[in-house]
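Q: I would like to learn how to read the core and the sheet of a model such as this one. Please show it first.

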Amino acid sequence: MKYAIIAIVAIVVIGGIVYYTMNNTTAPANNTTTVTPNPEPTPSPTPSATTPEPNPTPTPSPVTAVKTVQVNITASGFEPKDITINRGDSVKWVNQSEDEVWPASGVHPTHTSYPTTGGCIGSTFDACHGLKTGESFTFQFDIAGNWKYHDHLSASHFGSVTVQ
Ligand SMILES: [Cu+2]
């Protein structure tokens, strides 16, 4: 009986020591705070190098300055009779004769050589009335070509405008 008590006490003591020891050895593991590694700093987004730079200065299309060429109308007809201009230029006919003159696109009498419509007879290239002395008529040529015209009141007077 005495030995049994000692044995029980010994078991309890040993068991207590074992338990204590296990608690001591496991406790630190349980108390171990998991250190989370610092997350890698996210690299700040860099502007894409492939984005093309917008062109700040639009390249102007080559445009030559438009001009107005004068053609005088005298008793002998149009002077100069044949002229060459650039597309977009204008021609100004000035009546310097004593008679009325009526510059208009060929061909008399339909006035349809210059390929626009809506004029008084055919093409819009038409003064549409006799110009009195000193009066003028100006027309802008937007279509390239060789355009013949005449005096609608004296159809024997011709001229031409070459638009390039
Ligand atoms: Cu005519």
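Q: How many residues does the largest nonpolar core have, and which have the most contacts inside it?
A: A nonpolar core is read as buried nonpolar residues linked to one another through C-beta atoms within 7 Å. In this predicted model, the largest such core has 18 residues, and V91 and F125 have the most contacts inside it. At least two core residues each come from β1 (68-74), β4 (90-95), β6 (136-140) and β7 (145-151).

Q: Which residues does V91 touch, leaving out those up to four places away in sequence?
A: V91 touches V69, V71, I83, I85, F139, F141 and V161. For the chain as a whole, 48% of the contacts between residues at least 6 apart in sequence join residues at least 24 apart.

Q: What share of the chain counts as buried?
A: Of its 164 residues, 20% do.

Q: Which elements does the chain contain, and in what order do they run?
A: The chain has one helix and eight strands. Starting at the N terminus, the order is α-β-β-β-β-β-β-β-β.

Q: In what order do the four strands of the open sheet lie?
A: Strands of a sheet pair through backbone hydrogen bonds, either parallel or antiparallel. Here the order is β2-β1-β4-β6, with mixed pairing.

Q: Why is one side of β2 and of β6 left without a neighbour in the sheet?
A: β2 (77-79) and β6 stand at the edges and each has a single partner strand, so one side of each has no neighbour there. On average, neighbouring strands of this sheet are turned by 25° against each other, direction ignored.

Q: How many bridges join β1 to β2?
A: Three, and the two strands run antiparallel. N72 stands opposite E79 in β2.

Technical notes. Residues numbered from 1 in each chain as written. Predicted model: local features only at pLDDT ≥ 70, side-chain atom pairs only at ≥ 80, totals over all residues. Buried ≥ 20, exposed ≤ 12 C-beta atoms within 10 Å, placed from the backbone. Contact = placed C-beta atoms within 7 Å. Pairing = 2+ DSSP bridges. Axes fitted to C-alpha atoms, helices over the stretch in contact; angles between N-to-C directions.
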